[in-house]
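Hi! Here is the structure I promised to pass on to you. Have a look around first, and then read my notes below.

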Amino acid sequence: MDSYDLAIIVTGALVAGSCGFIGSFLILRGMALLGDAISHSVLLGIVLAFLITGDTSIVPMFVGALIFGLLTAVMVQALNRGGVEGDAATGVTFTAFFALGVVLLTAFAGRVHLDLDHVLYGEIAYVPWDLLYLGDVAIGPKALWTMGIVFLIDLLVVGAFSKEFKICSFDPGMAASLGINVALFHYLMTALVSLTTVAAFESVGAILAVAMLIVPGATAYLLTDSLGRMLGLSVAVGSLSAAGGYLLATWLDSSISGAMAATAGALFLLAFLFSPTHGVISRALARRRVGHRGESMLQ
Amino acid sequence: MDPNFLWVLSGSVLLGTSSGAIGAFAVLRKRSLLGDVLAHAALPGVCLAFMLTGAKELFPLLVGAALTGYLGVKCIDAITRWSRIKEDTALGIVLTVFFGIGVMLLTAIQHSGAGNQAGLDTFLFGQAASLVGRDVVVIAVAATMLLLAVALFFKEFKLLCFDRGFGEGLGFPMRQIDNLLMALIVMAVILGLQAVGVVLMAAMLITPAVAARYWTERLDVMVLLSALFGGLSGMAGAVVSALGPRLPTGPLIVLAATGIFLISLVAAPRRGLVAKTLRYLGTRRKVARENLLRDVYEQHELSFDGTGVASDALQGIELDRVIGESSSPGRRSRLRVAQALAKEGLLRLELTGETWICSLTPRGLQAAWDVVRRHRLWELYLTHKADLKADHVDRDADDIEHFLTPDLVARLERLLEEHHQGPRIWPSVHPLDELRR
Amino acid sequence: MHGSEIAIEVHDLSVAYHKRPVIWGIDFELPSGHLVAVVGPNGAGKSTLLKGILGLVPPTSGWVKIHGQPYHKQRRLVGYVPQRESVDWDFPTNALDVVMMGRYGHLGLLRRPGKKERAIAWECLERVGMADFAHRQISQLSGGQQQRVFLARALAQDAQVYLMDEPLAGVDAATEAAILQLLSDLRREGKTVVVVHHDLQTVADYFDWVLLLNMRLVAIGPTQEVFTAENLQKTYGGRLTLLADAAHALSLSR
């Protein structure tokens, strides 16, 4: 394994780690599909930012994505209040934004340094060549720095407000009675998801960013009963998916991001079956043992 | 015109129509995003079918799509049943993992060279232009079957969406009916993949149905409208996509559907934003007018010691006492209301010296009397029947008086017979010494 | 001793959901040191009354004072126990951790719970007889045990006034007795405890005050005086269909 592979694996691990970390809260709050919706909607923000500023600098891209991420959350809620059922409201909103993003992307294909494949699969394979320069010195892949900074922001924000995020997720009613602004933390979480997604977007594409948001967190959720450990495990599972996915992709000569999602799925399946506390098979075995003991006691 | 275009157009319209019709039930059955999962989960099936048959024949590809789509749905069931993971997360897991596998297979096929059989990646965003005559025949047959099934089982699906338990009580095999609906959704999704693509297929089920819901309260009309909207979107998408060489059809169809949705959201007769705003403004106007009339009446009651003799109301009083002193908040809007009432002949405004004097016309008195009486009836009800304190009832009555239907007024009158004084107006239960605002 | 002090003062409190009035013009003054049962039929607005007092739902009129001050200034004096079904018990956390959440209000922003909070949480778990289950994942507790954890969390809030939404719903007889014992202890310590309660049979045995509610306040006061057949008839008699119908007309018209 050379530095090329390493750069990709580390970037992938950072993507999957930060997505998994933030995604854990989405799962616990029953907002998994909002994550799905946001990661589609940010495309429009990114494309618009490109079309307006005409270059690929990172700040407008983040601003655009943040705006459309929050807009998605707001619109879903508004439609919901207007009487459209939650899932349907989500579906209408994100497909509309995503469709508009794709159409703009194709219509202005010449002017935008993005194409449909990029949107879907990301360009993690090119990460090692897109370097960040400090003066004249290359200090490493750009995507690695972006993702690293975003991960740091996620960690800092969640760390600083850990008990607020925790109680807002577990018992919003109690949180409100303590004077915690539940809506504010909801939108703060939405903002973090948008931020993380847009950073991940570049590397793994829109749809697979969702995979990293949801699957590692869900895997961790089956492995532990403590929120802190769940967060740590989701980062670990995400990183493992990234590394495994890269190896799988090289072996099969296929899309790296697709392979990462597939690996994440395989790890989830393992946890689903064999998790010591929540796995289907482990629980069945435990029941059988209890059953045997029950029988021997009867005899 | 390209002769092939007619095929493409009819194919897209048929697909839009059938997914619109079935989508109405999917949304009402709260299965909106199931279509999304099915579509994404179909991708690996398409790829596997291609790898097995080595050719891009529509039928085997669709079979493959249906199989993995169905497997995906079963996975969701298994995950929610056997673990503590909730449904929304399970949907997300299945959707993304299946799609990831699909993308993996797709790129592997492309890299192996065989994939220059292009066309497979049109499944991602749809390319109606790639439909040929034979495909359209397949689509036409399937779409007709779908629509027929919807027509035949309309009553059963209605029961399923509205009250499953009741249907079971009537002896309908609700499980089988649910499965049938599921199968139809699978079929609609799989058919739509060619034109719309896996990524945005969900919109074809959801958006027309949600748009249709704005126009009607009836299920049959909703299903028809949803089918119509779906068909229109399919047509618009196919036409626009034919204009440019590189435009994928899927996003265009979805944008057309979104356009119809936005129009519905704004312009639908009862539930649309315009109608709602107008209704709100109308209500506000009515409330402001009735309040002013009542205030004029009650100012009279004060001046004449509150005996409530109707003819007293025809005497004039200073306008400022009704709409507030020159600096008081809300004076301007109340002045406008007074002017509107004067124009309609309910209020008379006369300048006497420096001050404006207003008085109720006979018609105005009638209207005011009506409002005041409803207000007092409600106050009586709250104090006598709901045990509220007299000084609390005014604000509640203020809200309610404008919305008491004749039926409710009649019931109030009967209920309170012993307390009120028939068709006359009785004094308020609380002191009237200040303006409400 | 707060004996004569007013713990909760509610004036003309009305609350509406989606413009539809649920409780109307509620007025009462509750002296501190009482154990109060809130009683009324389904849909009478019992939970809404608690949420209205806590400011969780915006009132359409009226105000609330806790020990003489508006609620938002007195949050630390108030402990709230929501309905057990209102939270996801599959949340990855253990009993001790849930109880520690009771200390969050005292910690304020950014500070994390430490040794002191842990010690308090342990004490509270012991008080409800759940110390043995401190490290048990919450979904593995029975309904009654979950309810005790919720109570321990409220104890950890170290409040003067407790508002509890159906703490006795769906618990076994032993837990019910234990909880009622705990509530009586709280009252003896001079705390004010308001409990939404369904079981009319036990009201007279355990609660020294009662609040009868059916969309509006029917009566409040010492149980012997207020818990009468006539008042119960007024509360459950269903004479107020007109009130509900008018509320419906109001919600339609907007």
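Let's begin with two helices: the crossing of helix 2 of chain B and helix 3 of chain B is right-handed (the near helix is turned clockwise from the far one by less than a right angle). Helices here are DSSP runs of H or I with at least four residues, and strands are E runs of at least two, numbered from the N terminus. Please keep in mind that this is a predicted model, where local features need pLDDT of at least 70, side-chain atom pairs count only at pLDDT 80 or more, and totals for chains, interfaces and linings use all residues. Residues are numbered from 1 along each chain as its sequence is written, chains are lettered from A and ligands numbered from 1 in the order in which they are written, and side-chain values use heavy atoms, without hydrogens and water.

Back to the pair: the axes of helix 2 (residues 34-53) and helix 3 (residues 58-82) of chain B come within 6 Å and cross at roughly 135° (axes are lines fitted to C-alpha atoms over the stretch in contact, with angles from 0 to 180 degrees between N-to-C directions). Where they meet, helix 2 of chain B brings residues including A41(B) and G45(B), and helix 3 of chain B brings residues including G64(B) and T68(B). In total, chain B has 18 helices and three strands.

Of the 437 residues in chain B, 54% are buried (under 20% relative accessible area, 1.4 Å probe, protein chains only). The largest nonpolar core has 252 residues (buried Ala, Val, Leu, Ile, Met, Phe, Trp, Tyr and Cys joined through side-chain atoms within 4.5 Å). Helix 9 (residues 174-196) of chain B gives the most to this core, with 14 residues. A second, separate core of 29 residues includes Y80(C) and W209(C).

Is strand 9 (residues 209-214) of chain C enclosed or open? Six of its six residues are buried, so strand 9 of chain C is largely enclosed by the rest of the structure. Four bridges join strand 3 (residues 35-39) of chain C to strand 9 of chain C, running parallel (strands pair if DSSP finds at least two bridges between them). Six bridges join strand 9 of chain C to strand 10 (residues 216-222) of chain C, running antiparallel. These two form a hairpin with one residue between them, and M215(C) in the turn has a positive phi of about 65°.

Enjoy exploring!

Terms used:
Buried < 20%, exposed > 50% of the residue type's maximum accessible area, 1.4 Å probe, protein only. Contact = heavy atoms within 4.5 Å.
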